[in-house]
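Here is a friendly walk through one protein model, taken topic by topic. Keep the viewer open as you read, and select the residues as they come up.

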Amino acid sequence: MTNRKIKKVAVLGSGVMGSRIACHFANIGVNTLLLDIVTPNLSEEKSADKKNRNQLVNTALENAVKSNPSPLYDKSTIKLISTGNFDDDLSCISEADWVIEVVVENLEIKKQLFEKVEKHRKPGTLITSNTSGIPISLMTEGRSDDFKQNFCGTHFFNPPRYLRLLEIIPGKDTLTEVIDFLMEYGSLYLGKNTVKCKDTPAFIANRIGIFSIMSVFKLMNEMGLSIEEVDLLTGQISGKPKSATFRTGDIVGLDTLIKVANGLEYSLTNPEEKAFFKTPVYLNKMLENKWLGDKTGQGFYKKTKTSTGEKEILVLDLNKLEYKQQTKPRFDWFTAAKQIDNTSDRLKFISTQTDNGCKFLSKLNYSVFEYVSKKIPEISDSIYQIDDAMKSGFGWELGPFEMWDTLGVSRICEAMKSNNIFPEKWVDEMLAKGINKFYKSENGKKYFYDINKGNYELIHSKENFIILENYKNGKPLWQNKGCTLQHIGDGVLNLEFHTKMNTIGSEVLEGLNKSIDIAERDYSGLVIGNNAPNFSAGANLAMVFMLAIEQEFDELDMAIRLFQNSVMRLRYSSVPVVIAPHGLTLGGGCEMTLHADCAVAAAETYIGLVEFGAGVIPGGGGTKEFVVRTSDSFYEGDPQLPTLQQRFTTIATAKVATSAAEAFKIGILHHDKDISVVNIDMQISTAKQKVLELANAGYTQKTRREDIMVMGKTGLGMLYAGAEAFFISNYASEHDKKIAKKLAFVMCGGDLSQPTLVSEQYLLDLEREAFLSLLGEKKTLERIQSLLKTGKILRN
């Protein structure tokens with residue numbers, strides 16, 4: 001990467017995308033200037049007031065910050081964003097290192113703005129457009145050489161904080177070092193999966209994504225499938241987002257979908273391809289009726305109420321263009337497929353079925369596979385860039401070439417040809433060479449089939465990432481049904497969970513203890529991490545519920561002791577143990593995180609001790625650890641009772657941090673030892689480096705703590721009064737009050753007559769006793785059973 005530094009960014013345009021792009025730069029600590037037009041239709045008197053002139057941009061930013069999910073890791077980062085308008089403040093972009101245009105998708109408006117921008121930007125400053133499809137070459141007409149050399153497309157996907165795709169689109173004059181810088185900056189600092197695209201209509205993700213959607217429209221009509229059936233088939237069961245096809249259309253907006261499709265139909269030159277992107281009659285009629293989806297209250301689905309006032313979601317009959325009650329689709333294979341957690345295994349199973357639904361999915365795959373094979377090298381030179389774009393921009397679990405690999409390239413080619421669908425000839429040429437997969441993994445590295453070279457090439461952009469899937473060709477050091485231990489190089493091990501939602505039961509705890517044994521004997525340290533969507537949804541409370549129902553309290557006591565002993569083993573091992581939380585990291589997953597030598601948390605980590613919501617307190621060392629941290633803060637000068645109350649409230653409200661930044665703020669992550677990474681692909685490699693850093697610094701096994709200050713009755717009275725106040729104010733039930741008092745008793749070290757120093761084991765014993773006593777409560781069991789029924793606690 002060149003020696004460019006991004007200290008300040010200017011975002012031009014404060015609409016849905018512009019305001020959220022500004023927020024994401026604030027997330028990573030960059031000072032950001034957000035500009036837009038002067039508020040229209042102001043009177044002469046109001047126009048004299050800068051506050052009124054900036055009302056449009058300020059309102060847009062306020063709406064973005066209030067939106068859910070939040071575009072900010074932490075609301076306090078809003079202070080890094082300043083606002084202004086094009087008339088008064090455009091000269092301020094001279095201070096920016098990167099200017100990003102995010103105004104309306106209109107070429108003339110963009111060109112007019114760029115003419116003004118050129119008068120103020122510093123030479124050499126990055127200047128990019130967030131266009132979703134306007135040719136890069138057209139936007140720089142009439143601009144200086146310096147402007148053109150530092151200009152390209154940077155297409156963020158909405159919402160920018162959460163969707164990881166950033167398409168980088170060079171113009172014909174763009175300097176190579178500008179593209180190289182943006183590819184690396186986008187990955188390292190913005191946490192993006194940066195994909196280099198060619199300046200072709202809709203670039204990569206929208207080109208393939210809209211093609212797939214148009215294929216769905218055509219196939220469902222041919223095969224007589226309903227909206228409900230298609231959304232069931234094209235959702236999570238086939239490795240696509242839960243919102244599937246039509247629900248996604250409603251979320252994104254029918255006008256947006258039609259605009260991209262029309263843009264492709266207009267821009268493409270191949271007559272057959274142009275015709276394919278022609279929107280169906282019903283879609284145009286829906287646009288005419290303003291049935292645009294969520295933004296207008298109705299689209300393919302419509303929320304309404306029954307005659308009794310109950311909420312109901314109707315579905316559109318595409319033939320009659322009338323809304324009707326939904327019917328539940330039924331496919332004989334669906335339930336069996338749903339039980340298969342691994343996406344590749346599930347897709348293989350589905351491909352063996354023969355009903356109409358599976359034929360639809362097969363034909364959809366054939367159509368997409370043919371299209372992507374023919375779009376190289378038109379839209380990209382490399383297959384992995386197409387796969388990355390679809391995974392990061394459209395939420396596909398596998399990209400089209402990865403999916404093709406999973407189903408068998410040779411077998412699928414034969415099936416395609418039998419349906420008169422023919423992949424591009426390079427695929428047959430690849431197979432003729434005896435190469436039967438698009439990808440291969442060796443020694444933890446991933447290689448792709450390079451069409452130009454006719455052989456495998458290393459994916460250099462991912463060379464420094466540790467992707468655990470790439471190690472699965474080798475033999476693991478140890479494994480059981482719940483987890484796998486791999487050597488990831490340089491004497492560092494990685495323990496990966498693979499239970500449902502990575503819940504923690506006896507097999508995972510066995511794996512944790514065994515991994516530490518092996519690491520202590522022969523290796524430098526251990527990482528606990530995975531590449532699944534979530535680190536861990538917590539302990540297996542379904543198993544705990546069954547034991548409690550059967551009154552097996554001796555077994556429950558043993559199970560809780562095993563969990564407590566395991567996290568203490570993690571804390572007091574003789575080698576460094578680093579944990580890599582991301583996504584959902586709840587309950588027991590959070591308790592493990594609290595006990596690691598270091599947590600390398602992904603920025604998108606949703607972490608908390610949520611046991612209170614299930615009618616118990618954290619029983620796997622979580623309550624104890626909050627007491628330890630409270631005690632340590634006393635020595636650092638924090639006021640004792642307010643700090644204790646704050647920690648108590650965090651557990652009693654089952655508070656979940658919605659980012660790593662917030663987890664630091666509420667004390668789950670610790671500034672002295674934990675760190676966060678924005679790019680989740682870098683998480684395990686960063687955790688590995690942290691293990692080596694600790695080991696090389698002369699890691700020494702810690703001594704168990706016996707110096708934990710608890711407040712006894714001094715704190716107990718305050719916390720009991722708080723629980724009572726919540727109950728009286730109807731914020732808590734009678735049972736909530738009972739749980740809160742149990743929690744207070746543990747956090748204060750019992751009813752000791754004065755503040756006292758106690759050991760960790762003393763607190764663990766109190767924690768376990770409280771946990772077990774609450775499991776003996778009928779109300780707790782009813783609560784857990786209700787959560788199991790609604791799916792908020794997983795059944796394993």
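## Salt bridges

A salt bridge here is a side-chain nitrogen of Lys or Arg within 4 Å of a carboxyl oxygen of Asp or Glu. The model you are looking at is predicted, and by this criterion the structure holds 57 salt bridges.

Let us start with Lys702, which forms a salt bridge with Asp597; their closest N and O atoms are 2.2 Å apart. Lys702 sits in the loop between helix H30 (683–696) and strand E25 (708–710), while Asp597 sits in the loop between helix H26 (588–595) and E21, so this pair ties together parts that are 105 residues apart in sequence. Are the two partners buried or exposed, or in between? Lys702 counts as partly exposed, because its relative accessibility is 35%. Asp597 has a relative accessible area of 11%, so Asp597 is buried.

## Two further pairs and a network

Next comes Glu95, whose salt bridge partner is Lys8, with the closest N and O atoms 3.1 Å apart. This pair also links distant parts of the chain: Glu95 belongs to the loop between helix H5 (86–89) and E4, Lys8 belongs to strand E1, and they are 87 residues apart. Glu95 is partly exposed because its relative accessibility is 49%. With a relative accessible area of 19%, Lys8 is buried; the cut-off for buried is under 20%.

The side chains of Lys737 and Glu724 meet in a salt bridge as well, at 3.3 Å from N to O. Here Lys737 lies in helix H32 (residues 734–747) and Glu724 in helix H31 (residues 713–728), 13 residues apart. Lys737 counts as buried at 11% relative accessibility, and Glu724 is partly exposed with a relative accessible area of 25%. Beyond these pairs, a network of salt bridges links Arg571, Lys624, Glu625, Arg629 and Glu760.

Now turn to the strands. Strands of a sheet pair through backbone hydrogen bonds, either parallel or antiparallel. Strand E1 (residues 8–12) and E4 run parallel and are joined by four bridges; in E4, Glu101 is the bridge partner of Leu12. Strand E4 (residues 98–101) also pairs with E5 in the parallel sense, over four bridges. Along that pairing, Val99 stands opposite Ile127 in E5, and Ile100 stands opposite Thr128 in E5.

Which way do the side chains point from E4? Trp98 and Ile100 point one way, Val99 and Glu101 point the other way, and all are buried. Strand E5 (residues 126–129) is likewise covered on both faces: Leu126 and Thr128 on one side, and Ile127 and Ser129 on the other, are all buried. As a general rule, in a regular strand the side chains alternate between the two faces of the sheet.

## A seven-strand sheet

What is the order of its seven strands? The open sheet runs E15-E16-E17-E18-E19-E21-E24, with mixed pairing. Its edge strands are strand E15 (478–479) and strand E24 (675–677), each of which pairs on one side only.

Within this sheet, strand E19 (residues 577–579) and strand E21 (residues 598–602) pair in the parallel sense over two bridges. Val578 has Cys598 as its bridge partner in E21.

## Around helix H24

To finish, look at the end of helix H24 and the residues that follow. Ile549 is found in helix H24 and counts as partly exposed, because its relative accessibility is 46%. Ile549 and Leu781 are 232 residues apart in sequence, yet their C-alpha atoms are 7.6 Å apart in space.

Which residues form the negative surface patch? Glu550, Glu552, Asp554 and Glu555 form it. One of them, Glu552, is found in the loop between helix H24 (541–549) and helix H25 (553–571). Glu552 has a relative accessible area of 31%, so Glu552 is partly exposed.

Definitions and conventions: Residues are numbered from 1 along each chain as its sequence is written. This is a predicted model: local features need pLDDT of at least 70, side-chain atom pairs count only at pLDDT 80 or more; totals for chains, interfaces and linings use all residues. Side-chain values use heavy atoms; hydrogens and water are left out. Patches are made of residues with over 30% relative accessible area and no salt bridge: like charges are joined within 9 Å, nonpolar side chains (Val, Leu, Ile, Met, Phe, Trp, Tyr) within 5 Å. Accessible areas come from the Shrake-Rupley method with a 1.4 Å probe; for residues, only the protein chains shown count as cover. Lys and Arg count as positive and Asp and Glu as negative; His and the chain ends are not counted. The place of a charge is taken as NZ of Lys, CZ of Arg, CG of Asp or CD of Glu. Buried means under 20% relative accessible area, exposed over 50%, partly exposed in between (1.4 Å probe, protein chains only). Two strands pair if DSSP finds at least two bridges between them.
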